[in-house]
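Here are my notes on this one, written as numbered points. Have a look at the picture first, then read along.

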Amino acid sequence: MATSGGTTAVVTALFANLGIAIAKFVGYLLTGSSSMLAESVHSVADTSNQALLLIGGKRATRKASDVHQFGYGRTRYVYAFLVAIILFTLGGLFALYEAWHKYADPHPIDQWQWVPVVVLLLAIVFESYALSTAVKEANHTRGDDGWMAYLRKSRAPEIPVILLEDTGALVGLVFGLFGVGMTLATGDGRWDAVGSA
């Protein structure tokens, strides 16, 4: 199994998530949608994750020293672990908090109603592009292995992290779009809370 760090996939995901985060936050400011706020915080977490993966990959290339006789290669795994912690704490817990807050005080999206739908659809497009870039990079190194075998055997943590993160983000975007769509259709803000969760 190759140890390529998948820098192209990480950089693509970083810029996609940064653009998505800005668009979602603007969507939240215009509409007050709980799903949009939770999604924007999640995208900020994703952007910081890609930055951490890049830093970890760069630090792992340092030469062995008297203190680290075997080099710094394991640094990549430490940074990938930090990414997992940030993703679940910053993104996940905030989304659950926002869902609870919105469910306790539901209100419909009654201004700029088209904005969250457009932003979420654009986010799905950008996230799909980032995922397809990661899939292409993974295909260079995975050989005949299936996806689960590749994720287990990969010696470079960056590509599996991007693959799983982007897949999870796409699932979250679909749930967010469902919540916003149901809120717009029914006028019940609790659907927005469901989409946020």
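1. Buried means under 20% relative accessible area, exposed means over 50%, and partly exposed is anything in between, using a 1.4 Å probe and protein chains only. Lys-24 and Glu-39 form a salt bridge, with their closest N and O atoms 2.8 Å apart. Lys-24 lies in helix 1 (residues 7-31) and Glu-39 in helix 2 (residues 34-60), so the pair ties together parts that are 15 residues apart in sequence. A salt bridge here is a side-chain nitrogen of Lys or Arg within 4 Å of a carboxyl oxygen of Asp or Glu. Helices (H or I, at least four residues) and strands (E, at least two) are DSSP runs, numbered from the N terminus.

2. Before going on, keep in mind what you're looking at. This is a predicted model, where local features need pLDDT of at least 70 and side-chain atom pairs count only at pLDDT 80 or more, while totals for chains, interfaces and linings use all residues. Residues are numbered from 1 along each chain as its sequence is written, and side-chain values use heavy atoms, leaving out hydrogens and water.

3. How many salt bridges does the structure hold? There are four. One of them joins Lys-102 to Asp-192, with the closest N and O atoms 3.1 Å apart. This pair links distant parts of the chain, as Lys-102 is in helix 3 and Asp-192 in helix 7 (residues 190-196), 90 residues apart. Both Lys-102 and Asp-192 are buried.

4. Arg-190 and Asp-188 also form a salt bridge, and their closest N and O atoms are 3.0 Å apart. Arg-190 counts as partly exposed because its relative accessibility is 37%. Asp-188 is partly exposed too, at 22%.

5. Now for a charged residue without a partner. Glu-98, in helix 3 (residues 75-104), is buried yet has no salt bridge. Its nearest side chain of opposite charge is Lys-102, 6.6 Å away. (For charge, Lys and Arg count as positive and Asp and Glu as negative, with His and the chain ends not counted.) Leaving aside residues up to four places away in sequence, Glu-98 touches Ser-34, Leu-37 and Ser-196; contact means heavy atoms within 4.5 Å.

6. What about the surface? Trp-112, Trp-114, Val-118, Leu-122, Val-125 and Phe-126 make a nonpolar patch of about 620 Å². Patches are made of residues with over 30% relative accessible area and no salt bridge, joining like charges within 9 Å and nonpolar side chains (Val, Leu, Ile, Met, Phe, Trp, Tyr) within 5 Å. Trp-114 sits in helix 4 (residues 114-142), and it counts as exposed because its relative accessible area is 55%.

7. Finally, the record. An unreviewed UniProt entry places "domain: Cation efflux protein transmembrane" at residues 11-195. In the model that span is 81% helix and 0% strand, and its end C-alpha atoms lie 28 Å apart. UniProt (unreviewed entry) also places "transmembrane region" at several spans, including 77-100 and 112-132. Residues 77-100 are 100% helix, with end C-alpha atoms 34 Å apart, whereas residues 112-132 are 90% helix, with ends 31 Å apart. Such annotations may be inferred rather than shown by experiment.

How values were computed: Areas by Shrake-Rupley, 256 points an atom, 1.4 Å probe, with all protein chains shown as cover.
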